[in-house]
Structures are given as C-alpha cells and as structure tokens.
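The model is a predicted one.

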Amino acid sequence: VKIAGEMISLPAIEAILLEQYGDPEITKLAIEAKEQDGGVTIVAFTTFDMSPDELNNFIHANGASNVVKIARVERLEMIPVLGTGKTDYKLLKTMI
C-alpha cells in the first residue's frame with residue numbers, strides 16, 4: 001500500500017509481528033489493508049487479544065516506518081486459510 005507517498009510492505013509488517021507473536025504450527029496473525037476515503041486502513045487480524053497501540057509500538061521499535069499505523073485489531077477465532085494452507089487475504093480484505 002502507499003501511505004503519504006511511501007510504499008509500505010504489508011508482508012514486511014506482518015513478518016515483524018510474527019517474530020514476536022507468531023507460531024509455526026498455527027496462523028495466529030495476519031495484516032491486511034484497504035484504501036478508503038482517500039486514506040489507507042491497516043487492520044491486524046489476530047487469534048489473541050492485542051491493542052493497536054501495543055502492535056504499533058512493537059513495529060515502530062523494530063524498523064517499520066512511522067507512517068505505518070495499525071488502525072484496529074480484529075480478533076477472530078481462526079485466521080482464514082486457503083486449501084493450500086496460506087492465509088486468505090482476499091477474505092480478510094472483505095472484513096475491513
């Protein structure tokens with residue numbers, strides 16, 4: 001996504017968060033964004049309780065640009081995955 005003229009890699013943000021909150025056995029976290037109303041809304045989908053402030057502080061302390069701001073956290077029972085086992089980002093985007 002592009003925020004304030006800067007290209008932001010959602011997979012890179014997700015990778016930073018997975019270092020701290022990931023689990024190789026189960027998908028516990030995914031990041032998706034949607035452009036709306038002239039801006040970009042970044043949402044963290046998690047299977048655990050977490051505040052946007054905590055996630056934003058962690059990503060900024062670990063190299064993410066200050067223009068990146070996770071707007072909200074959506075807690076799900078399970079992160080949706082495709083038949084291949086990869087995260088279903090298309091479905092997550094519809095939830096924003």
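## The sheet

In what order do the strands of the open sheet stand, and with what pairing? The sheet has three strands in the order S3-S4-S5, and the pairing is mixed. Strand S3 (29-36) and strand S5 (70-75) are at the edges, each with a single partner strand, so one side of each has no neighbour in the sheet. From one strand to the next, the twist averages 25°.

S3 and S4 run antiparallel and are joined by eight bridges. Gln-36, for its part, has Gly-39 in S4 as its bridge partner.

## Helices on the sheet

Helix H1, made up of residues 10-21, lies across S3, S4 and S5 and runs at about 150° to S3. Helix H2 also packs on the sheet, where it touches S4 and S5, and its direction makes about 125° with that of S5.

## Contact between the helices

Two packed helices are described by the angle between their axes and the distance between the axes. Here the axes of H1 and H2 come within 10 Å and cross at roughly 105°. H1 is therefore roughly perpendicular to H2.

On the H1 side, the residues that meet H2 are Ile-13, Ile-16, Leu-17, Gln-20 and Tyr-21; their counterparts in H2 are Glu-54, Leu-55, Phe-58 and Ile-59. Classed by type, this contact of H1 with H2 comprises seven nonpolar residues, one polar and one charged.

In soluble globular proteins, nonpolar side chains tend to be buried together. The largest nonpolar core in this model has 21 residues, of which Ile-13, Leu-17, Ile-31, Ile-42, Leu-55, Ile-59 and Ile-70 touch the most other members. H1, S3, S4, H2 and S5 are the elements that give two or more residues to this core, and H1 supplies the largest share, five residues.

Leu-17 illustrates how these elements come together. Apart from neighbours within four places in sequence, Leu-17 is in contact with Gly-22, Leu-29, Ile-31, Leu-55, Phe-58, Ile-59 and Ile-70. A second, separate core has seven residues, including Ala-30, Phe-45, Ile-79 and Ile-96.

## A buried loop residue

Thr-47 is found in the loop between strand S4 (39-46) and helix H2 (52-61). Is Thr-47 buried or exposed? Its relative accessible area is 18%, and because buried means under 20%, Thr-47 counts as buried. Residues up to four places away in sequence aside, Thr-47 touches Thr-27, Lys-28, Arg-75, Leu-76, Glu-77, Met-78 and Ile-79.

Key: Residues are numbered from 1 along each chain as its sequence is written. This is a predicted model: local features need pLDDT of at least 70, side-chain atom pairs count only at pLDDT 80 or more; totals for chains, interfaces and linings use all residues. Side-chain values use heavy atoms; hydrogens and water are left out. Helices (H or I, at least four residues) and strands (E, at least two) are DSSP runs, numbered from the N terminus. Buried means under 20% relative accessible area, exposed over 50%, partly exposed in between (1.4 Å probe, protein chains only). Contact means heavy atoms within 4.5 Å. Two strands pair if DSSP finds at least two bridges between them. Axes are lines fitted to C-alpha atoms, for helices over the stretch in contact, and angles run from 0 to 180 degrees between N-to-C directions. A nonpolar core is a set of buried Ala, Val, Leu, Ile, Met, Phe, Trp, Tyr and Cys residues joined through side-chain atoms within 4.5 Å. Angles under 35 degrees count as roughly parallel, over 145 as roughly antiparallel, 65 to 115 as roughly perpendicular and the rest as oblique. Ala, Val, Leu, Ile, Met, Phe, Trp, Tyr, Cys and Pro count as nonpolar, Asp, Glu, Lys and Arg as charged, and the others, Gly among them, as polar.
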